[in-house]
Amino acid sequence: MIDDSIFLKALRKEKLPVPPIWYMRQAGRYMPEYRAVRKNFKNFLDMCKNPEVCCELALQPIDAFKLDAAILFSDILTIPDAFGLEVQFIENEGPVFQNPIEKVDDIDNLMPFDPESLSYVYEAVTNIKNTLPSNIPLIGFCGSPWTLAAYSIEGRSSKDFKKTIGFIKENPDKAHLLLSKLTDACFLYLRKQVQAGADVIQIFDSWANILDAEDLNNYSFQYIKSLIDALKNDSITSNIPIILFARDPKCSTESLLDTSADCLSLYWSMNNFNIRLAENKIALQGNLDPKILLESENAIKKETHKLLEKFKDFPGYIFNLGHGLTPDICPNKVKYLTELVRDY
Ligand code: CP3
């Protein structure tokens, strides 16, 4: 039944008359329904720790726009929080770590990752899976080891992650130790999400853009590849399709294909990605600039048609944005976009 969903068909690189549609950050502040629930919680992570609320939030965009896939409602920073780095979300500042990694000893002394400490996430997965229509797949997710390491060292969001880059250049061996610890944690975490009911996995390498080609391979893609290899070699997760989102990566199409992901989620500005090279090797997702949703319906139509034309003959294209929906986007525009794609 679930195997007949157009989302899983596209991930198997089947050519479809209409692409499946879902949106990064489809559950979020742009929706009034989300804001109504969000106002009951001071801390964002407290909301993530409530599996009933996570279920309600994950279903909101499915109910509103009849999308073809749901995504777990949670955050990538649950893992650093479980390592004891104590993540808080501060309004207008984003995530702030109470115990960031400041010196090499902090990496040696990290408490071992206990996947059971994130049982609230797996409960949310099971709740969502039980509530979703049976033909709608559920995406589980984690941050890439590199992206989690960058937040853990920087201790907060940053434009250039200067502190992190300085730290890894001064302490490359310890940086690699941290990245392996995070890779092991991601594996255990994703396996639990799959056991709880996730049908697909997406890995978010949201800070891939701050590394040059060599460092990207050394500090990020190497670990994504070992995470994917571990999942593909485990009997519980071996058949689960894996999507990789890397934000604006400074690398060749080949090195993205070499990660062994089943699908690449393309950032909106990735115009030199070689689509022909990816054909029949991998599924593709995304690529629409989310900022277009702040413009007129005509502008949205023009850009969307251009994109659909670009992927028209590609076997296994999933419609999505090149990054997440932002709080300033109007839900009517999301509805308009969804109908536009289905009517094309
Ligand atoms: O539909 C969904 O995608 C919901 C699930 C989800 C969230 N975050 C909820 C969230 C997912 C898949 C994420 C992933 C995530 N979290 C990423 C990777 C995707 C990307 O955007 O590149 C990253 C980098 C994070 C870390 C994070 N979480 C930041 C930097 C922030 C604060 C900045 C911001 O956008 O507010 C968050 C908070 C967050 N995560 C919110 C939501 C709905 C908003 C929090 C709020 O309501 O106050």
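Reader: Which residues lie nearest the centre of the largest pocket?
Author: On a 1 Å grid over the protein atoms alone, a pocket is an open set of points where a 1.4 Å probe fits, with protein on both sides within 12 Å along at least five of seven lines, and lining residues have an atom within 4 Å of a point. This is a predicted model, where local features need pLDDT of at least 70, side-chain atom pairs need 80 or more, and totals for chains, interfaces and linings use all residues. Residues are numbered from 1 along each chain as its sequence is written, and side-chain values use heavy atoms, with hydrogens and water left out. The largest pocket is lined by 45 residues, and those nearest its centre are Arg25, Arg29, Asp75, Phe89 and Pro95.

Reader: Where does the ligand sit?
Author: A molecule sits in a pocket if more than half of its atoms lie within 2 Å of the pocket's grid points. By that test, the ligand sits in the largest pocket.

Reader: How far is the polar side-chain atom of Asp75 from a nitrogen atom of the ligand?
Author: Polar contacts pair N or O atoms within 3.5 Å. Arg38 puts a polar side-chain atom 2.9 Å from an oxygen atom of the ligand. For Asp75, the distance to a ligand nitrogen atom is 2.7 Å.

Reader: What backbone atom distance does Ala27 have to an oxygen atom of the ligand?
Author: Here a backbone N or O atom is involved. Its distance from the ligand oxygen atom is 2.9 Å.

Terms used. A polar contact is a pair of N or O atoms within 3.5 Å; within protein, one must be able to donate a hydrogen and the other to accept it, and residues adjacent in sequence count only if both atoms are side-chain atoms.
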